[in-house]
Amino acid sequence: MSRPLGITVSRHIMDNQRLHPEATGDLSGLLNELIVAAKTISAEVNMAGLADILGMSGKTNIQGEHVQKLDEFANNTIKRRMARSGYLCAMTSEEEADIIPVAEGYEGKYTLAFDPLDGSSNIDVNVSIGTIFSIHHRLSPDGGPGEEADLLQPGASQVAAGYIIYGSSTMLVFTTGDGVHGFTLDPSVGEFYLSHPDIRIPAKSKYYSVNEGNTNYWQEPVRRYLDYLKEEDKATGRPYSARYIGSMVADFHRNLIAGGIFLYPRDSKDSTKPYGKLRLLYEAAPLAFVAEQAGGRAVTDDGRSILAIKPDDLHQRVPVVIGGSGDVENFLNFINGDN
Ligand code: AHM
Ligand code: MG
C-alpha cells in the first residue's frame, strides 16, 4: 500500500521556524525532542494491557525488565530525554513535588511544565489518556540552572503548549502562537502527519463535559448554568448533551474538534480560594492557550482569564471553564448575574 506524502510534524516545525528569521532553532529542537518522548510513551501505552499479562508478577516483563506504572514510565521518559536536550533550564511535572533540574552543562533557555499522563484513573480501563505540556522562556539569565521563578509564569507568556492524546489513534495537538495544528501518528512508520491544520473550536455547541456528581459542591451561579444547559433549547428543541470521559485531554480534545464546553469548578463553598482539581501550570494553562489560539476561551468559575493568572506554586489548582467562545460567554452571563 502506498502512503500519502503528508506533511510531517518536523517539516511543519521547520517551515514555521523559517517564518521567524530571528529563531535559533532551539524551540524546534525542543519540540522535536518532546515528540520523540511522546512516541515512546505512545508505544508503551499501546502495550499497556499486554505488558501486564507478560509481566505476570507485575514486577518483570518478558524481557526481564522492570514493569513500571505507566504514569511513572511517562514521567521518566520525558524527564530523562529532556534533561540532556540542551534546550531547558528547569522542569516541573505533576508527578514530582519539586522543581526538576536539568543535567549540569546542558542548561538552555526554556522551561517545561508537563503532566506526563493525564487521566490516570482511565489508564487501567483502556480509555483515552494524554500528555500535556507547556513551554516558557526562562526569566533568569541564560547559563546556569533555572529557578522556580522561571516556571511560575502566567499562561499568557507561554511560547508553546499542547498535548498528545493516546486514543483510537495517537494525536499531537499544539500551538506556538500561530493557531492550533493537529498531527496523527502513523505507527507503522513512527511519524506524526499533519491531519488537522488550523483547528477552530466551534463558537457554540450542544455539548457539555463536567463531573455532575459534584453538583452540590458548586457555587450557585455554576449550578444555575448547568440547569440552563438541561433546558430545552428554543432553536433545536433539545437540551445540551453531556459527554464526560474523565480525562481532561480527551474531554478537551472532543470539544475542540466537535464543539463543547468543559468545566471543573471549585468544589469548595469558599469563593475566596481558587480550588478545583486541575493544576494551573501543566493542565489548565496549556489547554487554555490551545483553546484561545483555536478561537475559544478559558476562564475560572468566577470569570477570570486563566491565561492571566500568575502562579504562586508549581502545583497550584484552579477552577476551569474552557470551550467555544459563545459557550463560555454564555457561562459568564450566569457568573456576572446577567442570567
Ligand atoms: P490526574 O492528573 O490525576 O489524572 O487528574 C486529572 C484528571 C483530569 O484529566 C480529569 O478532567 C479529572 O481529573 C477528572 O476528575 P474527576 O474524576 O473528579 O471527575
Ligand atoms: Mg493530570
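Tutor: What follows is a description of the ligand site and of the elements around it.

This is a predicted model, in which local features need pLDDT of at least 70 and side-chain atom pairs count only at pLDDT 80 or more, whereas totals for chains, interfaces and linings use all residues. Residues are numbered from 1 along each chain as its sequence is written, chains are lettered from A and ligands numbered from 1 in the order in which they are written, and side-chain values use heavy atoms, with hydrogens and water left out.

Ligand 1 is surrounded by 15 residues, of which Asp118, Gly119, Tyr244, Met248 and Tyr264 are the closest; a residue is taken as near if one of its heavy atoms lies within 4 Å. By class, this shell is made of five nonpolar, five polar and five charged residues, where Ala, Val, Leu, Ile, Met, Phe, Trp, Tyr, Cys and Pro count as nonpolar, Asp, Glu, Lys and Arg as charged, and the others, Gly among them, as polar.

Oxygen atoms of ligand 1 are approached by a polar side-chain atom of Glu94 at 2.9 Å, by a backbone N or O atom of Met248 at 2.6 Å, and by a polar side-chain atom of Tyr264 at 2.5 Å. Of the 470 Å² of accessible area that ligand 1 has on its own, the protein covers 83%; such areas come from the Shrake-Rupley method with a 1.4 Å probe, and for residues only the protein chains shown count as cover. Two or more residues of the shell come from each of strand E3 (110-118) and strand E11 (261-264), helices (H or I, at least four residues) and strands (E, at least two) being DSSP runs numbered from the N terminus. Because domain 1 (9-196) and domain 2 (207-335) both give residues to the shell, ligand 1 lies between them; the domain bounds come from an automatic or database domain assignment.

Glu94 is partly exposed at 26% relative accessible area, while Asp115 is buried at 0%, with buried meaning under 20%, exposed over 50% and partly exposed in between (1.4 Å probe, protein chains only).

Just after H8, Gly295 takes a positive phi of about 90°. Met248, whose backbone approaches ligand 1, is one of the buried residues of H7, which also include Val249, Ala250 and Asp251. Helix H7 (residues 248-258) has eight of its 11 residues buried, so it is largely enclosed by the rest of the structure, and it is followed by Gly259, whose phi is positive, near 95°.

Key: A polar contact is a pair of N or O atoms within 3.5 Å; within protein, one must be able to donate a hydrogen and the other to accept it, and residues adjacent in sequence count only if both atoms are side-chain atoms.
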